[in-house]
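Colleague: Hi! Could you show me how to read a protein model, one feature after another?
Modeller: Gladly, let us look at it together.

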Amino acid sequence: MREGYPFGMSELPASYKEFLADKSEMFISTVKPVLQQSAADKLHGVRVVYNPGSTGHQAHLDETLPYGVVLEDID
């Protein structure tokens, strides 16, 4: 496990760890549960949406994305 990652990051695929590498702790705490769900299922990727008008970042499983892919989008 790399230094600086919160507990539980070791089970994530490399692509998810790379995605989170330069992100803030608040961002990580927001999207990590969905990344973990994706890693557990190994079925779908994750879409991270930024909504500048309200809640900030949200993440959800996206069945149009293959497992291991994270796509950032603006709502």
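Colleague: Among contacts in the protein between residues at least 6 apart in sequence, what share joins residues at least 24 apart?
Modeller: A contact means heavy atoms within 4.5 Å. Here 41% of the contacts between residues at least 6 apart in sequence join residues at least 24 apart. Keep in mind that this is a predicted model, where local features need pLDDT of at least 70 and side-chain atom pairs count only at pLDDT 80 or more, while totals for chains, interfaces and linings use all residues. Residues are numbered from 1 along each chain as its sequence is written, and side-chain values use heavy atoms, with hydrogens and water left out.

Colleague: Which pattern does the protein follow along the sequence?
Modeller: Helices (H or I, at least four residues) and strands (E, at least two) are DSSP runs, numbered from the N terminus. This protein has two helices and three strands, in the order α-α-β-β-β.

Colleague: How do I read a pair of aromatic rings?
Modeller: You describe it by the distance of the centres and the angle of the planes. Rings of Phe, Tyr and Trp (its six-membered ring) pair if their centres lie within 6.5 Å; planes under 30 degrees apart are stacked, over 60 edge-to-face, and the rest tilted. This structure holds two such pairs. The planes of Tyr16 and Tyr67 stand at 70°, with the ring centres 6.1 Å apart, so this pair is edge-to-face. Tyr16 belongs to helix α1 (residues 14-20) and Tyr67 to the loop between β2 (56-62) and β3 (70-74), so the pair links parts of the chain 51 residues apart.

Colleague: Is Tyr16 buried or exposed?
Modeller: Buried means under 20% relative accessible area, exposed over 50%, and partly exposed in between (1.4 Å probe, protein chains only). Tyr16 has 0%, so it is buried, whereas Tyr67, at 28%, is partly exposed. The other pair, Phe19 and Phe27, is tilted, at 5.8 Å centre to centre and 55° between the planes. Phe19 is buried at 12%, and Phe27 at 8%.

Colleague: Where does the charged end of Lys23 sit?
Modeller: A charge sits over a ring if NZ of Lys or CZ of Arg is within 6 Å of the ring centre and within 35 degrees of the ring normal. The charged end of Lys23 is over the ring of Phe19, 4.5 Å from its centre. Lys23 also lies over the face of Phe27, at 5.8 Å from the ring centre.

Colleague: What do the buried residues of α2 pack against?
Modeller: They pack against α1, β1 (45-51), β2 and β3. Among these buried residues are Phe27, Val31 and Leu35.
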